[in-house]
Amino acid sequence: MRKIFCWWVFCTLIWSVIRSGNGHGGRHGIEQPLSKISIQNTISALHDSAYVKASPLVLGLKGQTSEWVTVEYYYPNPTKDDFIGVFSPSNFSAEICESENERQFPPLLCTAPIKYQFAKFKNKAYTKTGKGLLKLQLINQRADFSFALFTGNLSSPKLVAVSNKVEFAYPKAPVYPRLSQGKSWNEMTVTWTSGYGIKEAVPFVEWGMQGEAQTRSPAGTLTFSRNSMCGPPARTVGWRDPGFIHTSFLKELWPNSIYTYKLGHKLFNGSYIWSTEYKFRASPYPGQDSLQRVVIFGDMGKAEADGSNEYDDFQPGSLNTTNQLIRDIDNIDMVVHIGDICYANGYLSQWDQFTAQIEPIASTIPYMIGSGNHERDWPNTGSFYGSFDSGGECGVLAQTMFYVPAENRAKFWYATDYGMFRFCIADSEHDWRPGTEQYKFIEKCLSSVDREKQPWLIFLAHRVLGYSSCDWYQYEGTSAEPMGRDSLQDLWQKYKVDLAFFGHVHNYERTCPVYQSQCLQDGSNFYTGQFTATTHVVVGGAGATLTSFIPNDPVQWSVYRDYDYGFVKLTAFNHTTLLFEYKKSRDGNVYDYFTISRDYRDVVACTFDSCPRTTLAT
């Protein structure tokens with residue numbers, strides 16, 4: 001029965017992707033590589049001569065949160081499809097498996113590996129000698145590790161050898177801090193992960209201005225169980241204990257000041273567990289006239305530096321984007337990642353992998369996220385789309401692992417201010433149409449900004465609610481999500497939204513200032529004078545498999561298109577000048593840009609219900 005059920009779920013997932021065409025920004029099939037391993041079909045075939053050896057045995061002796069492990073292995077009957085699976089906990093989570101009949105014997109593999117690599121990877125002679133060596137990178141994930149050698153193939157794996165255990169010296173230590181803007185401009189939140197529950201230790205942040213006396217702020221603690229997941233694989237082979245997620249609120253910050261902070265846990269025996277020290281710059285006062293730089297992208301995903309779990313070019317795309325941001329971190333003030341965060345798709349270990357990947361960024365500047373289909377969508381859970389794209393997560397992981405200043409984190413829409421910017425971040429996985437709760441939020445967010453102090457008004461959502469000329473939208477006879485701009489374009493025009501950003505489509509495209517599918521101003525590298533219409537930007541090429549454009553000439557509103565990995569950087573020099581730059585992830589160079597220069601006298605008096613609705617007929 002188990003095999004029949006799992007096959008039914010797998011077929012259902014495949015059919016959902018093919019039918020919708022929207023599940024992954026294109027017709028690329030299931031994008032989670034761990035889903036390729038039918039771990040529930042594993043047969044125990046332990047071989048006396050086969051072995052797997054891993055070293056060193058203890059990692060992170062100096063507090064490191066990631067280390068490289070050497071894995072040596074041998075199998076006398078090698079094949080090209082043999083692979084090494086990395087398991088954590090090391091016992092393959094056998095304690096949660098129950099045999100369905102008396103003929104089933106351990107190991108009853110009901111948990112997928114956290115990563116895998118083919119035995120022949122960088123071992124060209126493996127299929128002849130049966131000997132191989134891999135260098136794999138592990139991160140601190142609150143449990144020990146083991147390495148298993150499988151023969152056969154990913155669909156019908158046979159377990160032939162299991163390694164010794166490897167573990168971090170401090171497995172429960174606080175790791176991977178994620179900064180976020182709070183609900184007020186002078187508040188920063190810090191979220192992190194640890195192995196300490198509230199029955200073991202008290203979580204807090206020790207922080208203060210750099211070089212001055214430090215204070216301590218308490219943290220709240222969240223976690224969730226397998227039953228919190230909405231379906232497979234999140235509550236079956238993809239489940240892994242998430243540990244504990246802590247959030248602390250650092251309040252009454254002085255604008256632009258540098259603060260240092262450390263994550264702490266006070267154990268009940270009186271001892272302390274500390275992270276390394278980090279630092280950040282407090283946000284500017286809303287309306288402050290200073291240099292302010294924000295990076296925007298969607299659909300980055302995660303990838304492994306050791307080449308494991310590699311598929312569909314995620315590795316160069318995701319890691320190149322991450323590394324470019326790390327290299328330029330001193331010139332970035334905030335990141336907005338608009339959905340499809342890590343593509344865990346129900347394999348929960350991947351959220352740890354992602355937060356480790358972005359730690360050099362998120363520990364230093366606010367890392368704001370939006371909700372995408374791969375975080376939220378699951379049938380009958382309140383999602384606007386009934387696809388299986390979240391792999392059973394149905395938003396639980398995203399709203400727990402990251403903090404956003406939403407009134408209700410299950411409803412992933414919110415506003416955040418940064419100096420001269422107002423960002424209105426919508427949730428395209430919930431209904432946004434007129435009359436809905438989210439539509440009312442969007443109008444309030446757009447209408448309540450003081451454009452004299454915050455002239456740069458930005459709308460963001462994951463799915464394309466504006467304009468895209470990707471091929472699979474064309475196949476559906478449209479250039480955006482149905483009911484997208486039809487519901488929202490009057491608001492963008494009425495409140496004179498400068499820029500609207502979208503992900504979901506895995507490429508880059510910028511429009512002219514467009515309204516009702518007509519350019520109200522020619523596409524340019526320099527815009528001046530009064531506002532005419534919103535410029536729409538698809539920036540979903542941060543790492544996921546790229547999406548093709550329509551094969552013919554682009555539509556008239558499409559100004560610049562790029563089939564490559566990249567991101568956008570906005571630089572507000574002052575209240576009248578904004579620089580837009582599109583950079584490629586491979587080299588960090590600028591490939592598209594434009595400047596907006598205007599005094600906004602036409603919008604400073606624009607408040608709720610006082611702005612005339614402009615149409616092409618007026």
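A pocket, as I use the word here, is an open set of grid points with protein on both sides within 12 Å along at least five of seven lines.

Entry: Working on a predicted model, I looked up the second largest pocket and noted a volume of about 460 Å³. Its lining counts 22 residues, and K183, P405, E407, Y414 and A415 are the ones closest to the centre. Two or more lining residues come from each of β21 (414–418) and α8 (437–447). Sorted by class, I found 9 nonpolar, 6 polar and 7 charged residues in this lining.

**Entry: helix α3.** I then turned to α3, which covers residues 314–327 and reaches 20 Å from its first C-alpha to its last, close to the 20 Å expected. Among its buried residues I listed F314, G317, L319 and L325, and I noted that the buried residues of this helix pack against β18, β19, α4, α5 and β30.

**Entry: salt bridges.** My search of the whole structure found 25 salt bridges. In one of them K115 pairs with E304, with the closest N and O atoms 3.0 Å apart; this pair joins strand β6 to the loop between β18 and α3, across 189 residues of chain. K115 counts as buried because its relative accessible area is 1%, and E304, at 3%, is buried too.

I also looked up D352 in α4, whose partner R142 lies in the loop between β7 and β8, 210 residues apart; their closest N and O atoms are 2.9 Å apart. D352 is buried at 4% relative accessibility, and R142 is buried at 16%.

Conventions:
Residues numbered from 1 in each chain as written. Predicted model: local features only at pLDDT ≥ 70, side-chain atom pairs only at ≥ 80, totals over all residues. Heavy atoms only, no water. Helix = DSSP H or I, 4+ residues; strand = E, 2+ residues; numbered from the N terminus. Expected span 1.5 Å × (residues − 1). Buried < 20%, exposed > 50% of the residue type's maximum accessible area, 1.4 Å probe, protein only. Contact = heavy atoms within 4.5 Å. 1 Å grid on protein atoms, 1.4 Å probe; cavity = no way out; pocket = protein on both sides within 12 Å on 5 of 7 lines; lining within 4 Å. Points joined across faces, edges and corners; volume = space filled by probe spheres on them. Nonpolar A, V, L, I, M, F, W, Y, C, P; charged D, E, K, R; others polar. Salt bridge = Lys/Arg side-chain N within 4 Å of Asp/Glu carboxyl O.
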